[in-house]
Amino acid sequence: MTPSQHTSGRTVSPWAVLTVASLASFMVFLDTQVLFVAFNDIRASFPSVSFATMSWTLSAYTIALAAALVPAGRMADRFGRKRVFMIGLVSFTLASALCALAPSAGLLVVFRVVQALGAAALIPASLAILLSVFPPAKVPVAVAIWGAIAALAAAVGPTVGALLVNHWDWRAVFLVNVPVGAIAFAFGWRLLPESKEHTRARFPDPLGTLLLAGALTLVALGIVQSDQWHWISVRTIGAFGAGALVLAWFVVRTLEHPHPALDLTLFGDRSFRWANIATAAFTIGFTATFFASIQFLVGVWGYSIVRAGLAMMPGPIVVMVLAPQFGRLAGKLGQRTLLVPGGLVYASAAIWMLSRLGTTPHYASDLLPGSLLTGLGVSMVIPHLTSAAVQGLPADAFGTGSAVNQAIRQFGATFGVALTVALLGTVTPLNALDHFQRVWWMLVICGVLTSLAAMALPRKAKVVALEPTVDLVPSPIGEAA
């Protein structure tokens with residue numbers, strides 16, 4: 001391993017770069033989950049807004065993030081990964097402050113979109129920076145740690161959100177990003193090296209980006225509103241039909257455009273194709289797990305919001321302890337060795353919940369074992385999906401490839417929320433258990449699909465020689481300093 005990289009005349013360890021990148025990813029992925037526990041508190045602040053409509057504070061974020069990730073990845077490759085990282089960090093932090101000050105649900109959704117655009121710049125840029133500073137042999141470990149921290153942030157989000165909401169209110173879950181963003185900016189300015197693509201390519205088709213976001217929005221709208229509109233209503237069918245038409249337009253335009261919004265040729269790589277299929281399946285279940293679990297613990301078991309958050313802590317602890325160890329194992333044996341059984345472990349956790357969870361609370365005997373199994377499955381899967389996807393791509397496609405993978409994660413998160421809202425429907429004391437069991441069955445399916453997709457991955461992941469193909473150049477931001 002090369003012990004250090006140079007930036008602005010200073011020698012910086014790649015592990016210091018990993019720390020800064022992980023801090024930013026922790027903030028972003030924490031924010032994607034922390035609203036799950038703040039959701040009911042936000043609804044209480046806007047009592048005239050329905051449950052389904054309020055869910056757009058979650059879905060608008062994931063849709064905007066998914067649509068913007070690929071263009072942001074190209075901007076990182078073109079203009080410099082550090083530059084885009086820093087711009088994204090400032091945007092995300094300022095938008096978080098605006099969310100905390102939002103006087104209406106509509107403005108909150110708007111500010112969440114702005115926040116998502118900042119996150120879209122941060123995620124692919126941070127991962128591409130890591131890929132540029134670590135030697136090939138250490139890439140799986142570095143990416144696994146980055147992914148584990150992101151997964152941990154998403155997992156502890158309910159607990160952090162619960163504590164913030166309980167001691168202050170829902171606006172605190174946004175304000176907490178401000179000091180974290182400031183710290184990440186200070187260290188990123190000094191420590192991050194700059195890197196760019198070798199071959200300058202055109203930017204992705206902007207119309208294609210809008211079509212992709214529009215198709216996703218329409219399909220999510222149909223799913224979320226299905227309980228109010230009914231599945232066979234004109235509005236629901238119209239939303240699905242319009243979404244399908246826009247998606248078809250997007251695909252046709254993508255295949256014909258010289259610089260498409262989503263480079264479908266990347267899916268010609270076997271690892272990239274199947275790792276992204278596994279990513280979509282698993283992220284639907286992963287998002288649904290936390291959204292539904294909070295609703296179940298508070299609404300069915302009668303837990304306080306803090307107790308519900310703390311009850312979900314064992315799973316994240318398992319992720320924190322095991323994910324780095326599994327990362328080292330993946331570097332030796334390949335990601336498939338962990339992904340295939342990991343999906344089945346995750347499915348078995350959902351089967352446990354189906355067989356054990358009832359309306360009477362029994363935490364130690366019923367919920368705790370399921371949480372531990374869930375954490376084991378997550379630690380075997382999520383940290384390795386991005387690594388499996390990007391390992392076979394050329395260096396100039398790192399930003400774009402990682403952006404596509406993260407976009408698919410957000411697609412999965414969008415549909416995880418939408419499907420949970422649709423499957424739960426109108427919950428009453430008489431139907432609550434049946435409705436939540438629908439969600440648990442969906443988790444079983446997601447875990448099995450993840451394992452099936454992972455079986456198509458190569459047995460041993462390829463390692464790309466990164467260092468000879470990535471230039472380290474002075475950062476314009478650093479020079480300005």
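1. Helix 9 buries Gly 208, Thr 209, Leu 211, Leu 212, Ala 213, Ala 215, Leu 216, Ala 220, Gly 222, Ile 223 and Val 224 (buried is under 20% relative accessible area, exposed over 50%, partly exposed in between, with a 1.4 Å probe and protein chains only). Helices here are DSSP runs of H or I, at least four residues, numbered from the N terminus.

2. Bear in mind that this is a predicted model, where local features need pLDDT of at least 70, side-chain atom pairs count only at pLDDT 80 or more, and totals for chains, interfaces and linings use all residues. Residues are numbered from 1 along each chain as its sequence is written, and side-chain values use heavy atoms, leaving out hydrogens and water.

3. Next, a helix pair. The axes of helix 14 (residues 314-333) and helix 16 (residues 363-390) come within 8 Å and cross at roughly 30 degrees, with axes being lines fitted to C-alpha atoms over the stretch in contact and angles running from 0 to 180 degrees between N-to-C directions. That is why helix 14 counts as roughly parallel to helix 16 (under 35 degrees; over 145 is roughly antiparallel, 65 to 115 roughly perpendicular, the rest oblique).

4. Now Val 306, which sits in helix 13 (residues 305-311). Val 306 counts as buried because its relative accessibility is 17%. Leaving aside residues up to four places away in sequence, Val 306 touches Ala 162, Leu 163 and Asn 166 (contact means heavy atoms within 4.5 Å).

Terms used: Helix = DSSP H or I, 4+ residues; strand = E, 2+ residues; numbered from the N terminus.
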